[in-house]
Amino acid sequence: TLDLPLLEAIVYATVTINEPKSFDDFCTEILYRQLYLVINRVAGEDAGFMDEINAADFEENEAGLASRLESLGLITNFSDATRMVGPLQ
């Protein structure tokens, strides 16, 4: 797991204050494509891990990451199930 201070630093270093990223884009574009961290199913498929790791494990990873971001106040959950990641304003 990513420690909270590291996760907070990643968000502040990669997401502009007034331009939050969707949670899926944060997982795929930032964590996977920029930092090579495989968190979600899209990254797992791209990295070729789906034969070795159950898709449910990636869903659990995503839920854990979202929970950690929520504890830091760095994710906003909307009523339509959209989740946006960004630094505090």
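Tutor: In this predicted model, the sheet is an open one in which 3 strands follow the order E1-E3-E2 with antiparallel pairing. The edges are taken by strand E1 (21-22) and strand E2 (75-77), each of which pairs on one side only. Between E2 and strand E3 (residues 83-85), which run antiparallel, there are 3 bridges, and within this pairing Ile75 has Val85 in E3 as its bridge partner. Helix H4 (residues 55-72) packs on the sheet, where it touches E2 and E3, and the direction of H4 makes about 105 degrees with that of E2.

Turning to the fold as a whole, the protein has 4 helices along with its 3 strands, and read from the N terminus the elements run α-β-α-α-α-β-β. The radius of gyration is 13 Å, close to the 12 Å that the globule rule gives for 89 residues, so the protein is as compact as a globular protein of that length. Taken along the principal axes, the box filled by the C-alpha atoms is roughly 40 × 30 × 20 Å.

There is also a pocket to consider: the largest pocket holds about 150 Å³ of space, and its lining consists of Thr1, Leu2, Leu37, Ile39, Asn61, Gly64, Leu65 and Arg68. Sorted by class, that lining comprises 4 nonpolar, 3 polar and 1 charged residues.

Key
Residues numbered from 1 in each chain as written. Predicted model: local features only at pLDDT ≥ 70, side-chain atom pairs only at ≥ 80, totals over all residues. Heavy atoms only, no water. 1 Å grid on protein atoms, 1.4 Å probe; cavity = no way out; pocket = protein on both sides within 12 Å on 5 of 7 lines; lining within 4 Å. Points joined across faces, edges and corners; volume = space filled by probe spheres on them. Nonpolar A, V, L, I, M, F, W, Y, C, P; charged D, E, K, R; others polar. Pairing = 2+ DSSP bridges. Helix = DSSP H or I, 4+ residues; strand = E, 2+ residues; numbered from the N terminus. Contact = heavy atoms within 4.5 Å. Axes fitted to C-alpha atoms, helices over the stretch in contact; angles between N-to-C directions. Rg over C-alpha atoms; globule rule 2.2 N^0.38 Å.
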